[in-house]
Amino acid sequence: MIKDLWYKNAVVYCLSVGTYMDANGDGVGDFSGLMRRLDYINGLGVSAIWLMPFQASPGRDNGYDISDYYSVNPAYGTLGDFVEFTHAAKQRGIRVLIDLVVNHTSNEHAWFKEARRDPKSKYRDWYVWSKKKPANADKGMVFPGVQKSTWTHDPVAKEYYFHRFYDFQPDLNTSNPEVQAEILRIMGFWIQLGVSGFRMDAVPFVISTKGAEVNKPREQYGMLRDFREFLQWRVGDSMILAEANVLPNTDMQYFGDDGDRMHMMFNFQVNQNLFYALAAADTKPLVKAMEKTKPRPPSGQWGMFLRNHDELDLGRLTEKQRKKVFAAFGPNKEDQLYDRGIRRRLAPMLGGDRRRIELAYSLMFTLPGTPVLRYGDELGMGDDLSLPERECCRTPMQWSTEPHGGFTKSDKPVMPVIDRGPYGYEHVNAAFQRRDPNSMLNWIERIIRMRKEVPEVGWGDFEVIKAGNDAVLALRYDWRNNSVLFLHNFAGEPIEVEFKTGLGDERDDKLVDLLGDAHSNAQTNGKHCVCLEAYGYRWYRVGGLDYLLNRSDV
């Protein structure tokens, strides 16, 4: 059972092939370069690599505008290179997840070209058309301020086509059974080439009804069950991680009451409230978000993250909370995007403060779910705000002090490497940090190793412990008669807390520090007294280390 649900206690590492490592010197990262860095990734201790889109694409939206689902972008290599990569990853015990972008295609996809050219083509109904511009065309844009409409007139088809995203990304008519069958075919193709699962892009849009007459889209949740059934039939332990930024009362519709839909979902609710807690030293909304998203089927899991390739969306916070987060982490207009989020990487958002960065990652690794780490964050990489929109936090990986950070030998990298300021590659790079035992890289390696040794987080139930101070989050996890307890101080000053573990047996007496030697013995009143430094954190095993002798999962 545990091996089948491998994702419950995994650590996922997300990267873009094009900005990770260039082996042939053309300025673009490729699968050969990624192969060279597999041992580096393996050294981190991650369980799975999530690849952002690498299929053929005009590249107008970082590969999210796909023009051929059954190919590899020639700049990155060949299908043979991809298969060699998945095989090499498997040899190291690392699974491969890939982006599944099926809400829309590129307008240069052969399907769309045929659809716009011939009204009698079967592909015409693979997209969403209207003879007149719908009345609601100026609503529902994903990128307000950049998009002016969700319907664009096509001069060849002489009709309007629907696009939830940019106008060069026409939406697929996912209600069409032929389109649904094609999505399964795409999944099956990559599964056969060694993929263990998919991060499905924009899931709420994929399953929504679309059309000129649709004023209130309806979600077709049955599609999610079809996707899962197909995957389980092909390869039993493959999975789907859904990008679905929805409200908690809708979560179970995506997981399925019987756990028969999505295996995993990103927890946007906790993510946004986590940044509010970091900004305000107030954990109450974070605790509420955790409790609201607690219900999930036994086979379901949350994906926990700090930052990703998009902006930090703050749309679920109140106006007052959002202003607090903007003031703390994105006070300038150049830091913000669409007036709803922050486009920066984590390290510069937190002012490069190592204490706060460690606190944030300690939280990510101990909140209920599976941690998802973005490439470069293990080094504390920064961003380039001179780049447009979300490009600022998608700069190439910084490997060394060689030109262009060792990413490429070309003088024209696909994107400029950060080469100035405190986050320039001369100061922040993997080669330097590998040699420094106290570096961010080595700290991340140690925290990943310890996270994998506390499966209670991935498998168990959590309980919030009363610590007597809203700036401190105290969490206990229980699983198979074993318990771990985590403390995090969001405040910029030391705080002493007194608390009971809440187990009510002899294990309450002893807390063993898993990251240091600050063990704790209960006082005569049964409470533990712990002093947390500013932005401090503790990982404890409750009841000592005897658990190793009787743990059934060892």
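Student: Which residue in β6 stands opposite W151?

Tutor: Quick ground rules: this is a predicted model, so local features need pLDDT of at least 70, side-chain atom pairs count only at pLDDT 80 or more, and totals for chains, interfaces and linings use all residues. Residues are numbered from 1 along each chain as its sequence is written, and side-chain values use heavy atoms, with hydrogens and water left out. Strands (E, at least two residues) and helices (H or I, at least four) are DSSP runs numbered from the N terminus, and two strands pair if DSSP finds at least two bridges between them. Here β5 (residues 151–154) and β6 (residues 159–162) pair in the antiparallel sense over four bridges, and the residue opposite W151 is F162.

Student: Which residue takes a positive phi in the hairpin of β5 and β6?

Tutor: That hairpin has four residues between the strands. The one with phi near 60° is K158.

Student: What is the strand order in the open sheet of six strands?

Tutor: The pairing is antiparallel there. β15 (461–464) and β20 (520–521) each have a single partner strand, so they stand at the edges. Reading across, the order is β15-β16-β17-β22-β19-β20.

Student: Which residue of β22 stands opposite V512?

Tutor: β19 (residues 510–513) and β22 (residues 537–542) pair in the antiparallel sense over three bridges. Opposite V512 you'll find R541.

Student: Which residue meets R541 in a salt bridge?

Tutor: A salt bridge puts a side-chain nitrogen of Lys or Arg within 4 Å of a carboxyl oxygen of Asp or Glu. In this one, N to O is 3.0 Å, and the partner sits in helix α16 (residues 456–459), 85 residues apart from R541. R541 is buried at 1% relative accessibility (buried is under 20% relative accessible area, exposed over 50%, partly exposed in between, with a 1.4 Å probe and protein chains only). The partner, also at 1%, is E456.

Student: How far apart in sequence are the parts that R92 and D39 tie together?

Tutor: Their closest N and O atoms are 2.8 Å apart. R92 lies in the loop between α3 (79–91) and β3 (95–100), D39 in helix α2 (residues 38–44), so the parts they tie together are separated by 53 residues.
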